[in-house]
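Please take a moment with the sequence and the model before reading on. The paragraphs below then lead through the structure step by step.

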Amino acid sequence: MAANPFSMVSLFMQFYDIYANYLNYIPGIYSKLYDSKDLRLFVAKRIKKNQETLDPNFPRDYIDCFLVQMEKVPYSEYNIKNLQLSILNLILAGSETGSCTLKYGFLFLTKYPEVQAKVHEEIDRVIGHDRVPNTEDRRQMPYTDAVIHEVQRCSDVLPMSVAHMVTCDTEFRGYLIPKGMTVYPILSTVLHDPTMFKSPNVFNPENFLDENGRFKKNDAFVPFSSGRKRNCLGESLARMELFLFFSTILQSFQLKSLVPPEDIDLTPQKSGFTNIPPFCHLSVIPR
Ligand code: HEM
């Protein structure tokens, strides 16, 4: 993806993202940027397979539930096009965000081996090695929970969230934001707010721990954006995935950098719509 000039983080793509409405009038490749034929075909095939084997009394997944609803409410927003688009939306929104956070997590854990050692200690004490981690374990693992929060805070994978549109004239700090204006919530500034975090610009799990080592919530933790109606739809799934991936990998492996940890440069390889972590080789050593 990094080598692709039209990747979602390139300057061009940022331009496209902000001025998509205008670029759509220009002939050429621009209008196809978000249009992946392979992915659309994959989704269409999957929907067809569900349609052929659908039992309305036993819906197996999101596609089945949507298909049942299409039967119940014909000529509504429950139509095949919306089903395809919402699946594409889930795939696009849920893949790169999670994989970038995981990659950044591995980088932080190799750069700060003392943090990794504490996570290992907590995994060994709470989960042990005779079973796989489950989501319930998280509550007994404040340090690991704090590390994952800090990984998400520092990796800041969607620094400008996504575009929102103001639904009515709004006055904010003396400025009038007219109805219909596109606004970008800059999550980065919140995630690095010096009034909200002890060490805003340094990776430090203590940002999410109280003096007794208990997990401490922070209202400025907004990697999934905020608000009741338009924050990340996949937040709970993503949080569960991140905990299970990190704890399962670290239960069995130690991650070690091939260069001295202090030489690991955490500067994103690309920074734009998303922050893409830099390339890094690391050893994965069984424990
Ligand atoms: C670490 C992982 C993730 C991060 C950091 C993340 C972050 C975000 C952010 C910042 C937004 C914009 C919210 C807004 O409108 O202000 C968003 C939207 C969204 N996310 Fe996630 N996300 C993650 C994982 C996922 C997953 C796993 C899924 C689903 C499988 C998902 C589905 C969505 C969808 C569908 C939207 C659009 C919601 C809408 O239309 O308003 N995300 N995400």
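Helix H6 passes helix H8 in a right-handed crossing. The structure shown here is a predicted model, and in it the axes of H6, which covers residues 142-155, and H8 come within 11 Å and cross at roughly 115°. The residues that meet there are Thr144, Ile148, His149, Val151 and Gln152 on the side of H6, and Arg239, Leu242, Phe243 and Phe246 on the side of H8.

The SG atom of Cys232 lies 2.3 Å from the iron atom of the ligand and is its single donor from the protein.

Helix H3, made of residues 62-72, and helix H4, made of residues 80-111, have axes that come within 10 Å and cross at roughly 160°. Because of this angle, H3 is roughly antiparallel to H4, the cut-off for that description being an angle over 145 degrees. As H3 passes H4, the crossing is right-handed. From H3, the residues Tyr62, Ile63, Phe66, Leu67 and Met70 take part in the meeting, while H4 brings Ile80, Asn82, Leu83, Ser86, Ile87 and Leu90.

Once its neighbours within four places in sequence are left aside, the residues in contact with Val43 are Gln84, Ile87, Leu88 and Ile91. Ile91 stands 48 residues away from Val43 along the chain, yet the C-alpha atoms of Val43 and Ile91 are separated by 9.8 Å.

With these places in mind, one can turn to the protein as a whole, which has 8 helices and 8 strands. It consists of 287 residues, of which 36% count as buried. Among the contacts in the protein with a separation of 6 or more, 63% are accounted for by residues 24 or more positions apart. The protein exposes about 17,900 Å², and carbon and sulfur atoms supply 58% of that area.

Notes
Residues are numbered from 1 along each chain as its sequence is written. This is a predicted model: local features need pLDDT of at least 70, side-chain atom pairs count only at pLDDT 80 or more; totals for chains, interfaces and linings use all residues. Side-chain values use heavy atoms; hydrogens and water are left out. Helices (H or I, at least four residues) and strands (E, at least two) are DSSP runs, numbered from the N terminus. Buried means under 20% relative accessible area, exposed over 50%, partly exposed in between (1.4 Å probe, protein chains only). Contact means heavy atoms within 4.5 Å. Accessible areas come from the Shrake-Rupley method with a 1.4 Å probe; for residues, only the protein chains shown count as cover. Donors are N, O and S atoms within 2.8 Å of the metal (3.2 Å for Na, K and Ca); water is not among the atoms, so sites may look incomplete. Axes are lines fitted to C-alpha atoms, for helices over the stretch in contact, and angles run from 0 to 180 degrees between N-to-C directions. Angles under 35 degrees count as roughly parallel, over 145 as roughly antiparallel, 65 to 115 as roughly perpendicular and the rest as oblique. A crossing is left-handed if the near helix is turned anticlockwise from the far one by less than a right angle, and right-handed if clockwise.
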